[in-house]
Structures are given as structure tokens and as C-alpha cells.
Amino acid sequence: PDWYGLDDEFDEYHVGDPSPPLHVRLVAAGSRVGYRWETFDGDHPCKVNWLDPEPHRESSDYEKYFEELHKIERQVHFFQGFQQ
């Protein structure tokens, strides 16, 4: 049998190649930018991988960053802590 092929039951409900379970979404908190994996429905986002350092606490952008960071972190429930 072809273990890596699609079976007949799958073909009844999907046309073409199957979609991957996750996609990458860019995330911003203040001036800080990062990315995270999310399910396609957006219900299960992973923890953010930041691309730049956290703003300095005394910078004018830090308060906005801090507020938006907490909003982003509250969205992560399921896929947290599964990174190397």
C-alpha cells in the first residue's frame, strides 16, 4: 500500500493537496515585530518568536508595547512552550 498517498475517504471531502494545519502570521506589539504559527481558523496561536529586542523600559514606545504584548500573550493557550 502507498502509506503516503491520500485515501479515497479523504478525496471525497478535499480537492487537490491537503492544507497544512498551521500557517505563519506576523505579529506586532508597539515597534516590536515577530511571527507565530497559528491554525488556519486563528483559534490556536503559538507563542511569538520575536525578531527584534524588547524596547527599553524608558522609551516612549514601551507602554504601548507592554499593553499589546499582554493582549498577544493572552491569546496563547494551547501551543505554548513547545520550542527549542
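**Close-up views of a predicted model**

**View 1. A nonpolar patch on the surface.** Leu26, Val33 and Leu51 come together as a nonpolar surface patch with about 310 Å² of accessible area together. (Areas are Shrake-Rupley values with a 1.4 Å probe, and for residues only the protein chains shown count as cover; patch members have over 30% relative accessible area and no salt bridge, with like charges joined within 9 Å and nonpolar side chains, meaning Val, Leu, Ile, Met, Phe, Trp or Tyr, within 5 Å.) Leu51 sits in the loop between E3 and H2 and is exposed, at 57% relative accessible area. Here, buried means under 20% relative accessible area, exposed over 50%, and partly exposed in between (1.4 Å probe, protein chains only). This is a predicted model, so to speak of local features takes pLDDT of at least 70 and side-chain atom pairs count only at pLDDT 80 or more, while totals for chains, interfaces and linings use all residues. Residues are numbered from 1 along each chain as its sequence is written, and side-chain values use heavy atoms, with hydrogens and water left out.

**View 2. Helix H2 and its two sides.** H2 (residues 62-75) has 14 residues and reaches 20 Å from first C-alpha to last, close to the 20 Å expected at 1.5 Å a residue. (Helices, H or I, need at least four residues and strands, E, at least two; both are DSSP runs numbered from the N terminus. The expected span is 1.5 Å times one less than the number of residues.) Tyr62, Tyr65, Leu69 and Ile72 are the buried residues of H2. They share one side of H2 because they cover an arc of only 85° around the axis, taken from the directions from the helix axis to the C-beta atoms. Over on the other side, Glu63, Lys71 and Arg74 are exposed. Strands E1 (22-29), E2 (32-39) and E3 (49-50) are among what covers the buried residues.

**View 3. Gln75 and its contacts.** Gln75 lies in H2 and counts as partly exposed, at 38% relative accessibility. Setting aside neighbours within four places in sequence, Gln75 touches Arg36 and Pro45 (contact means heavy atoms within 4.5 Å).

**View 4. A salt-bridge network.** Arg25, Arg36 and Glu38 are linked by salt bridges, each a side-chain nitrogen of Lys or Arg within 4 Å of a carboxyl oxygen of Asp or Glu. Arg25 meets Glu38 at 2.8 Å, N to O. Arg25 is in strand E1 and Glu38 in strand E2, so this pair ties together parts 13 residues apart in sequence. Arg36 also pairs with Glu38, with the closest N and O atoms 3.0 Å apart.
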